[in-house]
Amino acid sequence: MQKIIDLFYRFLEILLILLLAGMALMVFGNVVLRYGFNSGLNVSDELSRYFFVWLTFIGAVVAFREHSHLGVESLVAMLGRKGRIACMILSNLVIIGCSAIFFWGTWVQLPINTSMAAPVTGLSMGWVYGVGFFTGAGCVLISLERLFRLVTGRVTEDEIAAFTGENLTIEQMAERT
């Protein structure tokens, strides 16, 4: 099962690369067309914005899985094992709440978004902002799995170290400053 999950996240990383490359190519192509030929492609402006939205929200799930989001590591690092586990439980409960609200907000907003069409491509805006379903559900599922492992005592020292930022190399810590 873990291999399937790892393959899924590898697919997401490749998708992020493709979205970033597509966005960069569209913007670069439009710059060349505008300055070199006094023309441009309106569709590339619109699609690059949508790619950026998808890139951000899909990337948030991948970053969450890898413990790459901001945290108050200096406070948590001062605590013992039980304090760190308590902070991890509290953190995951807050994340579940916020992600569930985000998912619900996407659901409530969906009828409005699907009734609107993008100005150039005519694409339903539900496809653009529907990525909130993926982000909300993805973060809830990751948090639930972490919470289950915490409550059942299956959390490893490596996971606690990742939560407190103690697993980082000197180079990785330098990148954060």
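Hi everyone. A few ground rules before we start. Residues are numbered from 1 along each chain as its sequence is written, and side-chain values use heavy atoms, with hydrogens and water left out. Since this is a predicted model, local features need pLDDT of at least 70 and side-chain atom pairs count only at pLDDT 80 or more, while totals for chains, interfaces and linings use all residues.

Let's begin with the largest nonpolar core, which has 21 residues. By nonpolar core I mean a set of buried Ala, Val, Leu, Ile, Met, Phe, Trp, Tyr and Cys residues joined through side-chain atoms within 4.5 Å. Buried is under 20% relative accessible area, exposed is over 50%, and partly exposed is in between, using a 1.4 Å probe and protein chains only. Which members touch the most others? They are Tyr9, Leu19, Tyr50, Phe51, Trp54 and Ile58.

Helices H1 (2-37), H2 (42-65), H5 (125-129) and H6 (131-151) each supply at least two residues of this core. Helices here are DSSP runs (H or I, at least four residues), numbered from the N terminus. H2 gives the largest share, nine residues. Domain 1 (1-67) and domain 2 (69-176) both contribute, so the core lies between them; those bounds come from an automatic or database domain assignment.

Apart from this core lies another, of five residues, including Ile85, Met88, Val155 and Ile160.

Let's stay with valine 155. Where does it sit? In the loop between H6 and helix H7 (157-164). Valine 155 is buried, at 10% relative accessible area. Setting aside neighbours within four places in sequence, valine 155 is in contact (heavy atoms within 4.5 Å) with Arg81, Ile85, Met88, Arg149, Leu150 and Ile160.

Now a helix pair. The axes of H4 (residues 81-115) and H6 come within 8 Å and cross at roughly 155°. Axes are lines fitted to C-alpha atoms, for helices over the stretch in contact, and angles run from 0 to 180 degrees between N-to-C directions. That crossing makes H4 roughly antiparallel to H6, a label for angles over 145 degrees.

Last stop: glycine 136, in helix H6. Is glycine 136 buried or exposed? Buried, with a relative accessible area of 1%. Leaving out neighbours within four places in sequence, glycine 136 is in contact with Ser99, Phe102 and Phe103. Glutamine 109 is 27 residues from glycine 136 in sequence and 14 Å away in space, C-alpha to C-alpha.

Key:
Angles under 35 degrees count as roughly parallel, over 145 as roughly antiparallel, 65 to 115 as roughly perpendicular and the rest as oblique.
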